[in-house]
Amino acid sequence: MFTHHDDDIDDRGGADRFKAMQAYSRLKSLLVAQRVPPHTKLDAGVLCRYLNVSRTPVREALIHLSIEEIILNVPGSGFFSKPLNVGEISEDYDLALTILKHIIASDVGSVPSSRLALPKPPVPASGRHGQPQPALAFKGFIETLYESVARVAANRKYLQVVHTFNARTAFVRHLDLQRAERFEEISADMSELLECLRKKEIKGAVKNLDRQFRAKIDILHELVREGNLYSANASVNWMKLLN
């Protein structure tokens, strides 16, 4: 969210800021869910009509999405949606792993347990109306846990990197959790990680996190290929979803 980039935002009126945040949030939710076909031009003049805001908040939202590298900013041509890229996502995982392991090793052991603010795993959903699907609920839990760990360091840059990592890897995480055998494996690993963090078993937590990230990297090509196939089949009328 914009809260991670407050230093980059002009001190304008609250209404303008709210509109920019709203445009950013609505666009980002579709982009990270791969609901926008790749290489689609994101024209502020067109998008503002669907978002029912002026061009300025939309352009600001696009700039921040390009800073997060969720979209491309091509000089002289504009902003474009982008396909998932194995190399980029692999780098995202490597950087997030380095930061999270550093925080666990350097900070988790020395802070009060109350500061960890660890989330609880979601109760398995039965698929009834109004309940999130298990993969989607567990995806949210994992992302919240990563950001909870990042907050322990009280380092704004670390939290920003982990927040952006969560967004840029959201779809491959969701795809991975939709595989029954992987869901069981990830659930068990995350339960173990939570227990290690609660008990401040630092070596166990670092080892667990390293194992989980490496397992994801091993199947990243498959997940990216599946994700790009999904986005390639996204509706060309995706902007209607912004209404």
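Reader: How do the residues of the lining of the largest cavity divide into nonpolar, polar and charged?

Author: Start with the general idea. Rolling a probe the size of a water molecule over the atoms shows where empty space is left. Now this case, in a predicted model. The lining of the largest cavity divides into twelve nonpolar, five polar and five charged residues.

Reader: Which residues lie nearest the centre of the largest cavity?

Author: Gln34, Ile70, Lys82, Leu84 and Arg168 do, out of 22 lining residues. The largest share, three residues, comes from α4. The volume is about 230 Å³.

Reader: At what angle do α9 and α10 pack?

Author: Two packed helices are described by the angle between their axes and the distance between the axes. For α9 (residues 180-199) and α10 (residues 202-218), the angle is about 160° and the axes are 8 Å apart. That angle makes α9 roughly antiparallel to α10, because angles over 145 degrees count as such. The crossing is left-handed.

Reader: Which residues make the contact?

Author: Among them are Arg182, Ile186 and Leu193 of α9, with Leu209, Gln212 and Lys216 of α10. By class, the contact has eight nonpolar, three polar and six charged residues.

Terms used:
Residues numbered from 1 in each chain as written. Predicted model: local features only at pLDDT ≥ 70, side-chain atom pairs only at ≥ 80, totals over all residues. Heavy atoms only, no water. Axes fitted to C-alpha atoms, helices over the stretch in contact; angles between N-to-C directions. Helix = DSSP H or I, 4+ residues; strand = E, 2+ residues; numbered from the N terminus. Parallel < 35°, antiparallel > 145°, perpendicular 65-115°, else oblique. Left-handed = near helix turned anticlockwise from the far one by under 90°. Contact = heavy atoms within 4.5 Å. Nonpolar A, V, L, I, M, F, W, Y, C, P; charged D, E, K, R; others polar. 1 Å grid on protein atoms, 1.4 Å probe; cavity = no way out; pocket = protein on both sides within 12 Å on 5 of 7 lines; lining within 4 Å. Points joined across faces, edges and corners; volume = space filled by probe spheres on them.
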